[in-house]
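Trainee: I have just opened this entry and would like to learn how to read it. Could we go through a few features together?

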Amino acid sequence: MGIVAGLDSSSAFTHIVVCDTDTGAVLRRGFAAHPVEAKATEVDPQAWLLSLGEAATDGLLEGVQAIGVSAQQHGLVPLDHQGNPVRPALLGNDKRAQAAAADLIDGLGGRQAWAEAVGAVPQAAQPVSKLRWLARTEPEAAQRVAAVLQPHDWLVWQLLGRPARRTTDRGAASGTGYWSAGTGSYRPDLVELALGHQAALPEVLGPADAAGTTPEGLLISAGTGETMAAAFGLGVGAGDAVVSLGASGSVMAVHHEALSDPAGMITSFADATGKHLPVVHTSNAVRALRGSAEMLGLESLEELSALALKSTPGASGLVLLPYLEGERTPQLPHAAGTLCGLRRESMKPEHLARAAFEGMLCSLADALDVLRGRGVEVRRVFLLGAAAELPAVQGLAPALFGTQVVVPQPAEYAALGAARQAAWALGVSQGTADPLTPPAWQGAAAQVLEPGEELAVGQAVRQQYMAARDQIHPGAFDFAG
């Protein structure tokens with residue numbers, strides 16, 4: 001038996017899990033909040049190291065042979081020639097680069113040109129957009145940028161003692177906007193388009209590669225982004241999709257190849273195992289539930305859930321198109337939400353509550369269909385987020401998604417994925433593991449829900465939703481398939 005650790009440096013805290021290399025059983029845990037404001041959009045990267053050090057106190061890492069690093073995605077750490085940040089790191093939640101992203105889209109010739117180049121159309125969060133923002137708003141700092149890292153890259157580099165070699169992995173690289181998951185290579189011309197000059201980029205390691213070894217002999221694996229680490233920690237594989245329920249939503253699935261989407265709805269990420277994670281985002285998920293609860297004078301989503309279950313499938317003909325903040329899937333950035341099917345018998349609180357849940361889940365089912373339409377197999381759906389625990393979500397999701405739904409128990413999945421990667425790299429370095437086959441750790445403990453006899457009813461509700469959607473927004477999904 002060996003011992004490895006996985007650390008996840010998210011936007012607000014550091015989680016560390018210490019695991020048995022053979023089974024993945026968690027032996028010890030550490031946690032520390034970042035010493036920064038909760039909604040900060042930029043931060044001194046040293047704060048991540050301070051949090052890491054606090055989380056690893058009291059001998060937490062004693063006996064550990066290898067460490068994997070997961071970190072928040074889409075952060076930008078711009079370095080000068082000496083390897084020092086030219087300014088605080090820009091975080092993924094920084095929306096100041098929206099105009100810069102639009103500028104870049106035009107600069108390369110449109111959305112399709114970007115989709116073909118790197119499998120993604122620039123968004124404000126991505127490093128490529130942040131580089132353009134930096135060049136436009138802080139030109140003196142931009143001129144000093146000699147190298148560019150993301151948070152996970154920077155942490156790995158620090159743990160190794162700031163060697164001359166800087167590394168990343170294909171998962172994190174695929175979110176930059178200047179590395180293509182399809183070709184497995186950088187597009188330095190896009191860095192220059194954004195920044196105005198070239199900058200050194202980290203070497204992209206394979207899934208089982210090691211970034212290096214510390215002077216104390218501790219192996220550091222390639223690391224990866226938080227999304228990829230969480231998927232690896234969950235144990236998702238071919239045929240699996242992951243639906244995340246936040247204020248907005250996302251649907252990602254494991255696929256054998258990168259997908260180039262001319263419409264720009266699919267973001268082509270790479271995963272932490274050598275496969276791909278095409279992702280489709282929606283602008284509205286739980287925010288539609290919260291808005292409906294407020295409209296009905298309810299204080300919690302639990303109350304909304306209980307009320308919804310007093311209604312019947314189809315909410316007496318009431319349909320909510322939950323495009324409250326515009327929508328990314330379909331591309332309706334200036335749309336508003338729509339409530340259809342108002343009749344005297346449907347104007348009851350329980351029907352509105354039911355329509356909110358059905359509308360949210362049907363919108364996410366639309367996102368699933370975007371992937372299915374491109375040949376992605378979906379045999380089961382992992383449902384993540386606090387709202388996944390709501391009885392109305394669990395009761396409706398299997399039939400509306402048309403497949404088995406898995407609700408994992410809450411756990412530090414990104415940290416677990418980082419630890420699993422560390423075990424993989426350690427085994428390969430010792431000659432005891434196959435570089436093409438990750439460790440077979442036990443999957444996430446979960447509740448499994450089947451559509452069962454409700455499948456036909458669920459598909460009828462989906463048809464009702466799609467009829468309303470196509471009437472209000474004709475042609476919105478004409479690209480599909």
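Trainee: Which residues does UniProt list for "domain: Carbohydrate kinase FGGY C-terminal"?

Mentor: Keep in mind that this is a predicted model. The unreviewed UniProt entry lists residues 241-426 under that name.

Trainee: How should I read a sheet, and in what order do the seven strands of the open sheet run?

Mentor: Strands in a sheet are joined by backbone hydrogen bonds, in a parallel or antiparallel way. Here the order is 18-19-17-16-22-23-24, with mixed pairing. Strand 18 (266-270) and strand 24 (446-449) are the edges; each has a single partner strand, so one side of each lacks a neighbour in the sheet. From one strand to the next, the twist averages 25 degrees.

Trainee: In which sense do strand 17 and strand 19 pair?

Mentor: Strand 17 (residues 249-253) and strand 19 (residues 276-282) are antiparallel, with four bridges. To find this pairing in the view, look for M252, which is opposite V279 of strand 19.

Trainee: Now the surface. Is M347 buried or exposed?

Mentor: Exposed means over 50% relative accessible area. M347 has 55% relative accessibility, so it counts as exposed. You will find M347 in the loop that links strand 21 (338-340) and helix 12 (349-372).

Trainee: Which residues form the nonpolar patch on the surface with M347?

Mentor: L339 and L342 do, and together with M347 they have about 290 Å² of accessible area.

Note on methods. Residues numbered from 1 in each chain as written. Predicted model: local features only at pLDDT ≥ 70, side-chain atom pairs only at ≥ 80, totals over all residues. Heavy atoms only, no water. UniProt positions renumbered as here; feature names shortened; annotations may be inferred. Patch = residues over 30% accessible without salt bridge, like charges linked within 9 Å, V, L, I, M, F, W, Y side chains within 5 Å. Areas by Shrake-Rupley, 256 points an atom, 1.4 Å probe, with all protein chains shown as cover. Salt bridge = Lys/Arg side-chain N within 4 Å of Asp/Glu carboxyl O. Helix = DSSP H or I, 4+ residues; strand = E, 2+ residues; numbered from the N terminus. Buried < 20%, exposed > 50% of the residue type's maximum accessible area, 1.4 Å probe, protein only. Pairing = 2+ DSSP bridges. Axes fitted to C-alpha atoms, helices over the stretch in contact; angles between N-to-C directions.
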